[in-house]
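Dear colleague,

I am handing over the structure below for your records. Please read the notes that follow it alongside the coordinates.

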Amino acid sequence: MKLFFHKVTNWEYWPFQVLYFPIYFLWAYYAVKARSLFFFNASNPKIKNGGFMMESKKQIYDLLPIKHYPKTIIIRENSDFKEILNLVQENEINFPLIAKPDIGLRGSGVKKIKSISELAAYAGKANFDFLLQDLISFEKEVGIFYVRRPFQKNGKITGIVSKEFLTVTGDGKSTIEDLIKENPRFELQMDALKKEYGKQLQQILPQDETLNLVPFGNHARGAKFLDGSEWITPELTETINRIAVQIPEFYFGRFDIMYNTFEELEQGKNFQIVELNGAASEPTHIYDPKHSLWFAWNELARHITYMYEISTQNHRRGVPYLDYKTGIKEYRLHVIHNSKIINF
């Protein structure tokens, strides 16, 4: 009951359909103006469906400057496990590593893999294509939303979110499970954590020792999002723009980046791109608990307006929208694929 009231009284936990309900009307308005329900396809012409649905993460990585993201390989569904191990060894990807669906859904199916046996279990269960990646060594993570008009040389950062991982600190007396229950945000992840860690949650964590239970900054997996938009500086904007313009026809989306220090990130040093998200990107700084629901709606509306304007500008220069038949087909595939990931 305590967790139920926590979810009800904190809008950041509301179902996606409820949170976005007013935004659907804005979307309908722009769809009528564009004469296409699927106008988003033109926002990032080189990314499948603009990055709104059914886009391959591997294909997006292949568009990025190779030095800025971790070593990544794709594993096709039903691949022989010996072949998977050979690929891991040939590409010199070491344990622990990260496994995640090639077509993702808000962090579902993302797992830190520590051994060959864990990789075998993941591969045996996965009924989708997935990626294996080097584990990024930097400890801090930030999401940076970037927007650029098709005819502009320079874009802008429209929001930054910093992320606090699901990390507990020991007191020398409490079990890991007890420490998790002290934080409602963490306790909401208890079922998933029990599934992953099992009896390890009954261990007592030594005094002042920290344990990061989910080593990636995903809101749906218990990370706390904080608005870091005050970090937007000319130096950081120049660094992000320098990367963005190297990505063919990328205009709208969010860079999720792990880094060492903010000063080094500003200078373009010691960071790696975890993912680049396209048209489906959220301005995730809205999920800072300090923000009101009205703030969230305003930011969502602002960013959907950016996407509409970019899409129509690209359309005027010859980038097609998805036709209705193809768009519906892609959406149905999206729903089917999401059900696989959710139930993984």
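Two strands are taken to pair if DSSP finds at least two bridges between them. Eight bridges join S5 to S10, and these two strands run antiparallel. Please note that the model is a predicted one.

The sheet. S5 and S10 belong to an open sheet of five strands, in the order S9-S6-S5-S10-S11, with antiparallel pairing. Its edges are formed by strand S9 (224-227) and strand S11 (271-277), each of which pairs on one side only. On average, neighbouring strands of this sheet are turned by 25° against each other, direction ignored.

Strand S10. This strand covers residues 252-259 and is joined to S11 by six bridges, again in an antiparallel arrangement. Within that pairing, Asp256 has Glu275 of S11 as its bridge partner, and Tyr259 has Phe271 of S11.

Burial of S10. How many of the eight residues of S10 are buried? The count is eight of eight. Both faces of the strand are covered: Phe252, Arg254, Asp256 and Met258 are buried on one side, and Gly253, Phe255, Ile257 and Tyr259 on the other.

Helix H12 (residues 293-316) lies across strand S5 (140-147), strand S6 (156-164), S9 and S10. The helix runs at about 135° to S6.

With kind regards

Terms used:
Residues are numbered from 1 along each chain as its sequence is written. This is a predicted model: local features need pLDDT of at least 70, side-chain atom pairs count only at pLDDT 80 or more; totals for chains, interfaces and linings use all residues. Side-chain values use heavy atoms; hydrogens and water are left out. Helices (H or I, at least four residues) and strands (E, at least two) are DSSP runs, numbered from the N terminus. Axes are lines fitted to C-alpha atoms, for helices over the stretch in contact, and angles run from 0 to 180 degrees between N-to-C directions. Contact means heavy atoms within 4.5 Å. Buried means under 20% relative accessible area, exposed over 50%, partly exposed in between (1.4 Å probe, protein chains only).
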